[in-house]
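Hello,

Here is the structure I promised to pass on. Have a look at it first, and my notes follow below.

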Amino acid sequence: MIEISIDEKRVEEMYKKAVEEKLEKIEHDRLLMSSKDLQKYLGLSYPTLSELFFHDPDFPIIRVGTRMLFYKPEIDVFIDGWVDEVRNNYNGQAKNMKISVNKVSKARKERSIG
């Protein structure tokens, strides 16, 4: 005779882990993000986001009334360019050197004109 025993605690842990992973994937795949979603996605606080990005006219913000929304594919492209710019021209010290994206964008435009 074969005896099968099930550890209910272990099954419950496995189920919770699977649900959490699925929820993270759903959240990660979302196209429109709120500012809180953007904070979590980029790992930055609201004051840092505001200082570095929100005042840059090139930063992709969609305004719906007073609410700001962010289209994930555009954010990805912008952040990729910003990271390259900071690494290549500011030794990776954007925050420590108080470099805002406005300065980075201005430098980028000056290089493309010249």
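Strand S1 (residues 32-33) pairs with S3 in the antiparallel sense, over 2 bridges, and Met 33 stands opposite Phe 70 in S3. S2 and S3 also pair in the antiparallel sense, here over 3 bridges, with Val 64 opposite Arg 67 in S3. The hairpin of S2 and S3 has 2 residues between the strands, and Gly 65 takes a positive phi near 65 degrees there. Two strands count as paired if DSSP finds at least two bridges between them. Helices (H or I, at least four residues) and strands (E, at least two) are DSSP runs, numbered from the N terminus.

Before you read on, please keep in mind that this is a predicted model: local features need pLDDT of at least 70, side-chain atom pairs count only at pLDDT 80 or more, and totals for chains, interfaces and linings use all residues. Residues are numbered from 1 along each chain as its sequence is written, and side-chain values use heavy atoms, with hydrogens and water left out.

Now the rings. The structure holds 8 aromatic pairs (rings of Phe, Tyr and Trp, the last by its six-membered ring, with centres within 6.5 Å; planes under 30 degrees apart are stacked, over 60 edge-to-face, the rest tilted). One of them joins Phe 53 and Trp 82 edge-to-face, at 5.0 Å centre to centre and 75 degrees between the planes. Phe 53 lies in helix H3 (residues 46-54) and Trp 82 in helix H4 (residues 72-90), so this pair ties together parts that are 29 residues apart in sequence. Both Phe 53 and Trp 82 are buried (under 20% relative accessible area, with exposed over 50% and partly exposed in between; 1.4 Å probe, protein chains only).

The pair of Phe 59 and Phe 70 is tilted, because the ring centres are 6.0 Å apart and the planes at 55 degrees. Phe 59 lies in the loop between H3 and strand S2 (62-64), and Phe 70 in strand S3 (residues 67-71), so the pair ties together parts that are 11 residues apart in sequence. Phe 59 counts as buried at 4% relative accessibility, and Phe 70 is buried at 0%. Ring pairs link Phe 53, Phe 59, Phe 70 and Trp 82 with Tyr 46, Phe 54 and Phe 78 into a cluster.

Best wishes
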